[in-house]
Amino acid sequence: MLVAALVLIASLVGKLLAPALPGVRAHFERWISLTETTAAVTSQGALVAGAVATGILLITTLRISSLSVFHRLTTAVLGAGVLTVLASAYQYRIRAESLLLVAIATSLLGVWASHRAAENPQTRGAALVVLAASLSSIIQVVGRALAGYASDNALPSLFDGARSLATLGLAVDVLALTIACLWLALPSPRRGAVPLALAALAATVVILASLSGSKPDASLFEVISSRVTAQLATHPAPWLPGALRAWVVLFGFGVVGAVLLSPGWRRLTAVVIALALLARGAADTPIYALSLLLAALLAPLAALMRGGHQADEVPVSRAPNSLPPAPGADAVR
């Protein structure tokens, strides 16, 4: 929960707000400094907390005998490799080639973990979100790599193909958000609709305000909104209006916030969904790669904790061997 909250704050402040404030108005230095400090603290805090949590989850996964040997070894190798590369982000800038490998390895681990988590009906929704987020990351990371190669070698047809991949990745993003919205509405449609409606309204207000941000008489909110949406532009751009993609991203942040506010008996599954949604399509960024890695490690553990509402109340830090077996666990031993 802490890591997901820190990643969400770092995304909103560091990715959107902090780059939008410089030059927006005179005597704004205090707010600029505050947002930059907040972004740095939350992002570094998320990396530290996420690295610690990843280490604990890797050890926990290795000790659970109800998971297959192949699953435990695959998780240990890929998870430890990704964590080793991400740990260097504290002191060094990770090379683009290494980030590409991290994104692919983390996404493949997410795809495999979603299969294991889908065996339990109680965590099937979270498994589908992790699967969609992992597929989106693979598609969009490959699309960005192709776009960079096409730009360097003047290959317009290949660049168009990269844009098509970006469009497909955005469609998978929408699918992940749709599944998360259905998960929120499952116990009480009326209760789940309120935060989703607020998230959609907030995203719509920002997008509409951004359309007037370049006018001479634009208000401060309109200027900031315009700069925020500009930060959401991607390379390559999908074959869709930029405002639509920006709305999807902003709405996604609102969905993550709504998921994290879920009742306690759904808390563990909610954390898996929130971490996966934050990482969708961006596993080549260290903080989001770590987010997807945590979701992939947590999803199978959540599937093992059966027993209705009480299942999600079991802390991950409890003794791994005390976890009850998942349905059909004997079949995968």
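Which residues in H4 are buried? Select H4, residues 96-117. Buried here are Leu99, Val102, Ala103, Ala105, Thr106, Ser107, Leu109, Gly110, Ala113, Ser114, Arg116 and Ala117. Buried means under 20% relative accessible area, exposed over 50%, and partly exposed in between, with a 1.4 Å probe and protein chains only.

This is a predicted model, in which local features need pLDDT of at least 70, side-chain atom pairs count only at pLDDT 80 or more, and totals for chains, interfaces and linings use all residues. Residues are numbered from 1 along each chain as its sequence is written, and side-chain values use heavy atoms, with hydrogens and water left out.

**The whole chain**

Colour by secondary structure. The protein chain has 12 helices and zero strands. Helices (H or I, at least four residues) and strands (E, at least two) are DSSP runs, numbered from the N terminus. Of the chain's 333 residues, 48% count as buried. Now show the surface. The accessible surface of the chain comes to about 15,400 Å², and 67% of that belongs to carbon and sulfur atoms. Such areas come from the Shrake-Rupley method with a 1.4 Å probe; for residues, only the protein chains shown count as cover. Among contacts with a separation of 6 or more, 71% are between residues 24 or more positions apart. Contact means heavy atoms within 4.5 Å.

**Back to H4**

Check the ends of H4. The C-alpha atoms there are 31 Å apart. The 22 residues should span 32 Å at 1.5 Å a residue, so the two values agree. The expected span is 1.5 Å times one less than the number of residues.

A salt bridge is a side-chain nitrogen of Lys or Arg within 4 Å of a carboxyl oxygen of Asp or Glu. Arg116 counts as buried because its relative accessible area is 5%. Glu119 has 27%, so it is partly exposed.

By this rule the count comes to two salt bridges. For the other pair, select Asp284 and Arg144, where the closest N and O atoms are 3.0 Å apart. The pair links distant parts of the chain, 140 residues apart. Asp284 sits in the loop between helix H10 (267-279) and H11, while Arg144 is in helix H5. Arg144 is partly exposed, because its relative accessibility is 25%.

**The core**

Select Phe251, Val255, Val259, Ile273, Leu275 and Leu277. These have the most contacts inside the largest nonpolar core, which has 95 residues. Helix H11 (residues 286-304) gives the most to this core, with 16 residues. A nonpolar core is a set of buried Ala, Val, Leu, Ile, Met, Phe, Trp, Tyr and Cys residues joined through side-chain atoms within 4.5 Å.

Centre on Val259. Leaving out residues up to four places away in sequence, Val259 touches Trp183, Leu184, Ala270, Ile273 and Ala274.

Next, go to Ser11 in helix H1 (residues 2-20). Ser11 counts as buried because its relative accessibility is 1%. With residues up to four places away set aside, Ser11 touches Leu16, Phe253 and Tyr288.

**The nonpolar patch**

Which residues make a nonpolar patch of about 480 Å²? Select Val194, Leu198, Leu201, Val205 and Phe221. Patches are made of residues with over 30% relative accessible area and no salt bridge: like charges are joined within 9 Å, nonpolar side chains (Val, Leu, Ile, Met, Phe, Trp, Tyr) within 5 Å. Helix H7 (residues 189-210) gives the most to the patch, with four residues. Leu198 lies in H7 and is exposed, because its relative accessibility is 55%.

Slide along to Leu208, also placed in H7. Leu208 counts as exposed because its relative accessibility is 54%.

**Two backbone stops**

Most residues other than glycine have a negative phi, and most peptide bonds are trans. Select Ala154, in the loop between helix H5 (124-153) and helix H6 (156-185). Ala154 is not a glycine, yet has a positive phi of about 55 degrees. Ala154 is exposed, because its relative accessibility is 62%.

Finish at His235 and Pro236. A cis peptide bond joins them, with omega about 5 degrees. Pro236 lies in the loop between helix H8 (220-231) and helix H9 (242-260).
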